[in-house]
Amino acid sequence: MDLAVNSVDKQAIAGAFGRAAAKYDTVAKLQQQTGEYLMKLASAEDIGQQVLDAGCGTGFFSARWKQQGKQVIALDLASGMLNHARQLQVADHYLQGDIEQLGLADNSVDICFSNLAVQWCNDLPCALREFYRVTRPGGLILFSTLAQGSLNELAAAWAQLDSYRHINHFLPWRTITQACQPYRHKVINRQYYQRYPQLLPLLNSLKGIGATHLHHGRQQGLMTKKRLTALAKAYPQDHGFYPLSYQIVFGVIYCDK
Ligand SMILES: C[S@@+](CC[C@H](N)C(=O)[O-])C[C@H]1O[C@@H](n2cnc3c(N)ncnc32)[C@H](O)[C@@H]1O
């Protein structure tokens, strides 16, 4: 059985995302699409005023919640991201912290929103327990995460070049749904597909969102011109384009406690 547990270096993750903060919003197109979809999953429900944006990044969605008249707490592990969010004044409160150990009281928010952040956590059930703890009875938890099958084209291309693992381990759909089992919930699986005319912008898009940090350690070797050419040659093409697929799981958890 695939355990919902990773081994992550949180300081390194915070560093990678902090460095990505300035350019993040210009390249985080996937995050914007998944976040909009996640917000729509709540739109039919009038839940309450207090929103926690957990793993807020630059606070793109903190700002979207504020536009809807909510009171927003923006929380992130990376001080670089949080400083950026603070400068943009996207929220009412800013909190540097860890999703797996939230520095918030029980039942203190109405909506806990977390777009593409929990894939960076050690333990998904622990993250969901924390979301459930801080959300009040009758409140709603909305999260999205990357699942197994994401970045498969890139993994396949690297596999032809060396035996080192270049892509993070993403949990299978089944493991993610199992983590939701203790709660009344709904899970939705969607595939997103991007195509790039060249490989370098594809790789830069991953770097730009801070997603090149690996759970199990540092990436091996510099990307030399020779390596890039070899990787491009090994990459499965789609009508002359370099495709990149993402399997995204959206979770809605109802706080019935
Ligand atoms: C891919 S970004 C998504 C940012 C934002 N939610 C969005 O939709 O644009 C993931 C964010 O999660 C943060 N993060 C990763 N692990 C975290 C953790 N354990 N606790 C809090 N934030 C975390 C990262 O620092 C980063 O800002």
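Let's start with the core. The largest nonpolar core has 46 residues. Trp65, Leu142, Leu154, Leu199, Leu244 and Tyr246 make the most contacts inside it. Strand 7 gives this core its largest share, seven residues. Keep in mind that this is a predicted model.

There is also a second, separate core. That one has 29 residues, including Ala54, Leu75, Leu102 and Ala147. As a general point, nonpolar side chains tend to be buried together in soluble globular proteins.

Back to Leu154, from the largest core. What does Leu154 touch, once neighbours within four places in sequence are left aside? Its contacts are Ile167, Leu203, Leu206, Leu231, Tyr235 and Leu244.

Now the strands. Strand 1, residues 50-54, runs parallel to strand 2, and five bridges join them. Leu52 has Ile73 in strand 2 as its bridge partner. Strand 2 covers residues 71-76. Why call strand 2 largely enclosed by the rest of the structure? Because five of its six residues are buried.

Next, helix 7, residues 173-180. Its buried residues are Thr175, Ile176, Thr177, Ala179 and Cys180. What covers them? Among the elements doing so are helix 5 (124-134) and strand 5 (135-147). Strand 6 (184-196) and strand 7 (242-254) are also on that list.

Technical notes
Residues are numbered from 1 along each chain as its sequence is written. This is a predicted model: local features need pLDDT of at least 70, side-chain atom pairs count only at pLDDT 80 or more; totals for chains, interfaces and linings use all residues. Side-chain values use heavy atoms; hydrogens and water are left out. Buried means under 20% relative accessible area, exposed over 50%, partly exposed in between (1.4 Å probe, protein chains only). Helices (H or I, at least four residues) and strands (E, at least two) are DSSP runs, numbered from the N terminus. Contact means heavy atoms within 4.5 Å. A nonpolar core is a set of buried Ala, Val, Leu, Ile, Met, Phe, Trp, Tyr and Cys residues joined through side-chain atoms within 4.5 Å. Two strands pair if DSSP finds at least two bridges between them.
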